[in-house]
Amino acid sequence: MGLLGPLVLAFILSGTLGGADDPSAFELGLADEDAGPVATGFRSVLADLEADEVIEFSLADSRAELEGLVDDGDVSAGFHLGAGFGDDVQANRPAVIEIVGDPGSPLATDVAEAVAARFAAELDSVSLATASVLTAEGG
């Protein structure tokens, strides 16, 4: 999986920076206010990373709740998918995965940014492949 490279590096760095005793060094949150198929795909990516014991993630009902989880130290960083996120992706409009990070946990914030960037890159490659197929078919 292409996501694991940056995350493994971050995990190694966390060990060298004193996080090795903390088995949940990358506790991340997700506020999914979209709940569409693209957001479900992102949630699946997080679930796969959790199954691989790279991250642990908690769900929040809103961005405000996610910010509270970060502020309270329950998670070190998180993702916010706003309402309409999936519609924007599917319509080829700019779509944003917002990162909410704890300034005291820059490594976890970097991991969240890497996950979001990799997911966005995968979406871009799917869009490009779809556009190429449509062009090749004359559509």
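How many residues does helix α2 have, and what does it reach from its first C-alpha to its last? Helix α2 (residues 37-51) has 15 residues and reaches 21 Å between these atoms, close to the 21 Å expected at 1.5 Å a residue; the expected span is 1.5 Å times one less than the number of residues. The model is predicted, with local features requiring pLDDT of at least 70 and side-chain atom pairs pLDDT 80 or more, whereas totals for chains, interfaces and linings use all residues. Residues are numbered from 1 along each chain as its sequence is written, and side-chain values use heavy atoms, with hydrogens and water left out.

The protein chain contains 5 helices and 4 strands, arranged from the N terminus as α-β-α-β-α-β-α-β-α. Helices (H or I, at least four residues) and strands (E, at least two) are DSSP runs, numbered from the N terminus. Of its 139 residues, 35% count as buried (under 20% relative accessible area; exposed, over 50%; partly exposed, in between; 1.4 Å probe, protein chains only).

Within α2, the buried residues are V38, A39, F42, V45, L46 and L49. Viewed down the axis of α2, these residues fall within an arc of 110 degrees, so they line one face of the helix; the arc is that of the directions from the helix axis to the C-beta atoms. The face turned away from the buried side carries the exposed residues P37 and A51. E53, with a positive phi near 60 degrees, follows α2.

The loop between β1 (27-32) and α2 holds D34. D34 is buried yet lacks a salt bridge, and the nearest side chain of opposite charge, R93, is 9.1 Å away (Lys and Arg count as positive and Asp and Glu as negative; His and the chain ends are not counted). The D34 side chain reaches the backbone nitrogen of G36 at 3.1 Å, and a polar atom of this side chain lies 3.1 Å from the backbone nitrogen of G84.

In the whole structure, 5 salt bridges are found, each a side-chain nitrogen of Lys or Arg within 4 Å of a carboxyl oxygen of Asp or Glu. One of them joins D32 and R43, with the closest N and O atoms 3.3 Å apart. This pair links strand β1 to helix α2 across 11 residues. D32 is buried, at 12% relative accessible area, whereas R43 is partly exposed, at 32%. R63, E67 and E98 are linked in a network of salt bridges.

How values were computed
Polar contact = N/O pair within 3.5 Å; in protein donor to acceptor, adjacent residues only side chain to side chain.
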